[in-house]
Structure formats: C-alpha cells, structure tokens
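User: I have a new model open. Can you walk me through it?

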Amino acid sequence: MAESLASAPAQPTRLPHPQPEAEELYRRWLSFLDEEFTRHQAAERRAEIVRDQIYQLYLGRPHGGKLNFNLTSELPLNVLQLSLDPGNITLEAGHYPDVDRERFAKSKPLLWFWIMFDRSPIGLNHWLGIRFRCMLGRHLFAKMGKGVRIDHGVELTYGYNLSIEDGVIVRQRALLDDRAEIHLGQGAVIGNYARIYSHTHAKDDYEKLIFAPTSIGARARVGAHTVVLAGTNLPDGAIVGPQGTAERQQGGGIFE
C-alpha cells in the first residue's frame, strides 16, 4: 500500500471556484461596476451608484421610496437606509488636514463601497472578494497591477496615494495608511494585521505631522503584525519577520 501511494502521480491543484452559474453572474456584476466607474468620474454620480449597490446588498431591494420620518418606530430603519448612501457618510480620513478634498471626494464613495462590501453578507466570499477589490482598486489607487490578491478586511486611508505592482498579496486586516505615497513592489507579500505607514509625528512636537513615502521592494515579505514606519524603503527580497518593525535609518537601512 505504501509503495502504491508513493508512486501515485501528484494530483493537480484545483483552486476553489463558485458554481458555473454563480461565477458567470459574479463576473457580469464586476464587469458592470467596472464600466460604471470608468464612465462616471464625478463624485455625486459615483455616490449614487454605490448607494444603489449597497442598498440591494444589505436590504435585498432597489433603492427608492419616500422615508417616513414621523414614526419614531421607523427611526432606526431610516438611519440604516440613509447610512447606506456615501453622501451621508463621514470617514475619519475626511477630517485629516492633509486630505486633498477634490481627490478624496472622488475616492470616498469607492472607499465606502470597499468597507461595506467586506461587512456585507457576501464579504467573506473569497473568490468574489479578491476580484471585487482588484476591480475597485483600478478606480481607487494610483496604480493597480495584474494578478493582485487583497484579502478581507484590508484598511485604506485615501486610496489615491497607493501604488500596487503585479502579483502583490495583501493578507487579511492589513492597514495601508496612504496619507503619503505607499508603493508595493512586484510580488511583495504583506502579512495579516501588518501596518504600513507613510506619516509620523515629530519627536519634539507630537502635533507636527511628518509625511514620507514608504516603499516595499519587489518580492519582499512583511510578516504578520509587523509595523513598517513612514519613510521606510524595504529592499527587494527583504524579509521582516512576524511582529517586527521596519524603519528607515540615517544610512538608509532598516531595523527588523
């Protein structure tokens, strides 16, 4: 028996897929959204598109109809329905003094879609989620490469300062705090709960913000729960182990 098992040919790995009918529907939905965000750049129109999509994802019916603000028994439902509209949402990033108001106005509806998709009943659908985030990233990021995988719960700040090259993997719950530029090189891997920053505070004055571009080199590995501080330039192929810290030194090196 052992000999037969040892000599048996290796079975090809088949990645999980939805059923064919569901996969075709998922692809149609992603294609529709991609076309809509390509055609519509105005913040107001993008907000309407996102509102209509989130409304159906959460409530299972199209947006529309007059809300009854007089019945106190319907106040929670009214709050929910109004809060599905990006136009009624304030995000923390919108309060930052360094925010580019014009660029953020265009990205805010997409950021809200990013957040609410992950929190919706379909947010943990891995096959769909990876493709949804890549589609949205093409309209949200400064650059979005091919073959990118971004897992559930990844946090962004502005989106428009983020550049991602081909083959990058960003695992669950990582933070890409792109208040200044963040660049993820080809084939880089960002571990679960990693925090990548592009801003810090002056040592002698915490109220003074310092912005510095952060770069993760090609094929670099950033371990789970690792912190990459603003201004770090992680070399190609570098590895920072789990729960480590990477930061720029005066000589341009890093601490691990």
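Analyst: Here is a walk from the overall fold to single residues. This is a predicted model, where local features need pLDDT of at least 70, side-chain atom pairs count only at pLDDT 80 or more, and totals for chains, interfaces and linings use all residues. Residues are numbered from 1 along each chain as its sequence is written, and side-chain values use heavy atoms, with hydrogens and water left out.

User: How many helices and strands are there?

Analyst: The protein has six helices and 17 strands. These are DSSP runs numbered from the N terminus: helices are H or I with at least four residues, strands are E with at least two. The C-alpha trace spans about 70 × 65 × 35 Å along its principal axes.

User: What share of the residues counts as buried?

Analyst: Of the 256 residues, 44% are buried. Buried means under 20% relative accessible area, exposed means over 50%, and partly exposed is in between (1.4 Å probe, protein chains only).

User: On to the largest nonpolar core. Which residues touch the most other members?

Analyst: Leu184 and Ile216 do, in a core of 57 residues. A nonpolar core is a set of buried Ala, Val, Leu, Ile, Met, Phe, Trp, Tyr and Cys residues joined through side-chain atoms within 4.5 Å. Helices H2 (20–39), H3 (43–59), H5 and H6 each give two or more residues to this core, as do strands S4 (162–164) and S7 (182–184). H5 supplies the largest share, eight residues.

User: What does Ile216 touch?

Analyst: Not counting residues up to four places away in sequence, Ile216 touches His183, Leu184, Gly185, Ala188, Ile190, Ile196, Val222, Val228 and Leu234. Contact means heavy atoms within 4.5 Å.

User: New topic. What is the volume of the largest pocket?

Analyst: About 490 Å³. The search runs on a 1 Å grid over the protein atoms alone; a pocket is an open set of points where a 1.4 Å probe fits, with protein on both sides within 12 Å along at least five of seven lines, and lining residues have an atom within 4 Å of a point. Points are joined across faces, edges and corners, and the volume is the space filled by probe spheres set on them.

User: Where is Ser120?

Analyst: In the loop between H5 (101–118) and H6 (126–140). Ser120 is buried at 8% relative accessible area. A polar atom of its side chain lies 2.7 Å from the backbone oxygen of Phe117.

User: And Ala218, buried or exposed?

Analyst: Ala218 is buried, at 14%. Its loop runs between S12 (214–216) and S13 (221–222). Leaving aside neighbours within four places in sequence, Ala218 contacts Gly185, Gln186, Asp236 and Gly237.

User: What is phi for His225?

Analyst: Near 60 degrees, a positive value in a residue other than glycine. His225 sits in the loop between S13 and S14 (227–228). His225 is partly exposed at 43%.

User: And what is phi for Gln243?

Analyst: Gln243 has a positive phi of about 60 degrees, although it is not a glycine. Gln243 is in the loop between S16 (239–240) and S17 (245–246), and is exposed at 64%.

How values were computed:
Polar contact = N/O pair within 3.5 Å; in protein donor to acceptor, adjacent residues only side chain to side chain.
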